Amino acid sequence: MKKIVAVLLLSVVLLSLNSCAGDTSEATIVPIKSDVYTTEDYEDAIQVVFDEFKDNFHGCTMKEIRYMYKEERDSIDGGEREYMDDYAKEYGVDEAIVLEVDFKTGSNPSIGLNDNDTYDFYNFILARNHGEKWTVMDAGY
């Protein structure tokens, strides 16, 4: 009888931990339009953000993820490559990419977010050296 109670208790604990993870299961992925990054570069970066979100955005649900750079910024920023190169220089790496995420929080979100709120255009800055995996360098507004 004690074993059954212990197994049930452990199951409840494991299920509660799993349900606290950030949810990316229904996130819309906006296709990338880029002269700098391949679809594979983009997909790899998205996976890193998904992992970060699942691990550190407990009680939050991702709605959409997209590449941050838009062509209309070319005249302001000097072009896509120059804009992303500025981020790469800032972090001392070969490449950087910025992804935007829209998400909702639940009643008890982690990392100091507001309860039951919507966050749009939340940036994730990722960086890497050629041939290495993307790493989240910063996130927020």
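This is a predicted model: local features need pLDDT of at least 70, side-chain atom pairs count only at pLDDT 80 or more; totals for chains, interfaces and linings use all residues.
Q: How many strands are in the open sheet, and in what order?
A: The open sheet has 5 strands in the order 1-2-3-4-5, with mixed pairing. Two strands pair if DSSP finds at least two bridges between them. Strands are DSSP runs of E with at least two residues, helices are runs of H or I with at least four, and both are numbered from the N terminus.

Q: Which strands are at the edges?
A: Strand 1 (28–29) and strand 5 are the edge strands, each pairing on one side only.

Q: How do strand 2 and strand 3 run, and how many bridges join them?
A: Strand 2 (residues 60–67) and strand 3 (residues 95–105) run antiparallel and are joined by 7 bridges. Thr61 stands opposite Lys104 in strand 3.

Q: And how many bridges join strand 3 to strand 4?
A: Strand 3 and strand 4 are joined by 9 bridges and run antiparallel. Here Ala96 stands opposite Ala127 in strand 4.

Q: What do strand 4 and strand 5 form?
A: Strand 4 and strand 5 form a hairpin with 6 residues between them, and Gly131 in the turn has a positive phi of about 85°. These two strands run antiparallel with 5 bridges, and Asn123 has Gly140 in strand 5 as its bridge partner.

Q: Changing topic: how many salt bridges are found in the whole structure?
A: The search finds 5 salt bridges. A salt bridge is a side-chain nitrogen of Lys or Arg within 4 Å of a carboxyl oxygen of Asp or Glu.

Q: Which side chain meets Asp41 in a salt bridge?
A: Arg128 does, at 2.7 Å, N to O. Asp41 is in helix 2 (residues 39–56) and Arg128 in strand 4 (residues 118–128), so this pair links distant parts of the chain, 87 residues apart.

Q: Are Asp41 and Arg128 buried or exposed?
A: Both Asp41 and Arg128 are buried, where buried means under 20% relative accessible area, exposed over 50%, and partly exposed in between (1.4 Å probe, protein chains only).

Q: What is the distance between Arg128 and Glu95 in their salt bridge?
A: The closest N and O atoms of Arg128 and Glu95 are 2.8 Å apart. Arg128 lies in strand 4 and Glu95 in strand 3, so the pair ties together parts 33 residues apart in sequence. Both Arg128 and Glu95 are buried.

Q: Where on the surface does negative charge gather, and which residues are in the patch?
A: Glu82, Asp86, Glu90 and Asp138 form a patch of negative charge on the surface. Such a patch is made of residues with over 30% relative accessible area and no salt bridge, like charges being joined within 9 Å.

Q: Which helix gives the largest share of the negative patch?
A: Helix 4 (residues 80–91) does, with 3 residues. Asp138, by contrast, is found in strand 5 (residues 135–140) and counts as partly exposed at 39% relative accessibility.

Technical notes: Residues are numbered from 1 along each chain as its sequence is written. Side-chain values use heavy atoms; hydrogens and water are left out. Patches are made of residues with over 30% relative accessible area and no salt bridge: like charges are joined within 9 Å, nonpolar side chains (Val, Leu, Ile, Met, Phe, Trp, Tyr) within 5 Å. Accessible areas come from the Shrake-Rupley method with a 1.4 Å probe; for residues, only the protein chains shown count as cover. Lys and Arg count as positive and Asp and Glu as negative; His and the chain ends are not counted. The place of a charge is taken as NZ of Lys, CZ of Arg, CG of Asp or CD of Glu.
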